Amino acid sequence: MPEGSATRIGWGQEYANLQTPLGYDKFSYSWRSRKGTKFHESHGKHYSDGGYGEGDTLGFLIVLPEQEGGRYLPNTYKDRPLVKFKSHLYYEDKDKVSDTLKNLKVHPQSKIYFFKHGVCQGVAFENIYTGAYYPSISIFRGATVSLNFGAEEFKHPEILKEYNCNGVRDILPSTNK
């Protein structure tokens with residue numbers, strides 16, 4: 001990474017603020033490359049020694065035990081009107097951030113783990129908020145990152161067995177018929 005650059009990688013929900021670093025608000029959780037700090041609600045806490053940088057292989061695992069009435073899939077907007085803006089079509093979206101904030105609930109026994117070169121750095125967050133999560137990243141000052149969401153083989157498949165998961169393939173429907 002270039003001098004002075006950094007990244008924050010982790011998980012964000014639908015209403016995570018895209019104009020701020022990941023981990024800024026109640027809707028996102030991150031691990032920062034500098035010093036290995038973890039962030040949620042703009043509170044940074046020491047997490048791993050030395051952070052991560054160029055050449056490191058990282059893993060991000062979110063555990064969301066099934067709940068009755070739990071919602072893990074993102075909202076669909078197909079029932080909303082299409083809006084044309086600058087030659088692109090968008091579904092009209094009504095912001096419900098304040099309502100969502102009021103209704104945030106903790107997801108019991110949920111956890112987020114981060115890995116470096118196949119070694120678990122420990123539980124980063126426990127009892128996170130209920131909802132659908134997306135892999136997320138914030139990049140500062142020219143850093144570059146290469147990502148693998150499961151299309152290729154994972155470099156550390158032993159983690160998948162140890163934590164009883166199959167990566168992204170475990171949650172996405174198959175497109176092969």
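Reader: How many residues lie between strand 8 and strand 9 in their hairpin?

Author: This is a predicted model, and in it strand 8 and strand 9 form a hairpin with 2 residues between them. His-117 sits in the turn and has a positive phi of about 55 degrees.

Reader: How many bridges join strand 8 to strand 9, and do they run parallel or antiparallel?

Author: Strand 8 covers residues 111-116 and strand 9 covers residues 119-126; the two run antiparallel and are joined by 5 bridges.

Reader: What should I keep in mind about side chains along a strand?

Author: In a regular strand the side chains alternate between the two faces of the sheet. For a residue in another strand, take Ser-30, which lies in strand 2.

Reader: Is Ser-30 buried or exposed?

Author: Ser-30 has a relative accessible area of 0%, and buried means under 20%, so Ser-30 is buried.

Reader: How many salt bridges does the structure hold?

Author: The general idea is that side chains of opposite charge can pair when their charged atoms come close. The structure holds 2 salt bridges. In one, the side chains of Lys-26 and Glu-41 meet at 3.4 Å, N to O. Lys-26 lies in the loop between strand 1 and strand 2, and Glu-41 in the loop between strand 3 and strand 4, so this pair ties together parts that are 15 residues apart in sequence. Lys-26 is partly exposed, at 30% relative accessibility, and Glu-41 is partly exposed at 27%.

Reader: Which residue forms a salt bridge with Lys-116?

Author: Asp-56 does, and the closest N and O atoms are 3.8 Å apart. The pair links distant parts of the chain, 60 residues apart: Asp-56 is in the loop between strand 4 and strand 5, while Lys-116 is in strand 8. Asp-56 counts as partly exposed, with 25% relative accessibility.

Reader: Which residues make the nonpolar surface patch?

Author: Ile-137, Ile-139, Val-145, Leu-147 and Phe-149 make a patch of about 410 Å². To find Phe-149, look in the loop between strand 10 and helix 2. Phe-149 has 46% relative accessibility and so counts as partly exposed.

Conventions: Residues are numbered from 1 along each chain as its sequence is written. This is a predicted model: local features need pLDDT of at least 70, side-chain atom pairs count only at pLDDT 80 or more; totals for chains, interfaces and linings use all residues. Side-chain values use heavy atoms; hydrogens and water are left out. Patches are made of residues with over 30% relative accessible area and no salt bridge: like charges are joined within 9 Å, nonpolar side chains (Val, Leu, Ile, Met, Phe, Trp, Tyr) within 5 Å. Accessible areas come from the Shrake-Rupley method with a 1.4 Å probe; for residues, only the protein chains shown count as cover. A salt bridge is a side-chain nitrogen of Lys or Arg within 4 Å of a carboxyl oxygen of Asp or Glu. Helices (H or I, at least four residues) and strands (E, at least two) are DSSP runs, numbered from the N terminus. Buried means under 20% relative accessible area, exposed over 50%, partly exposed in between (1.4 Å probe, protein chains only). Two strands pair if DSSP finds at least two bridges between them.
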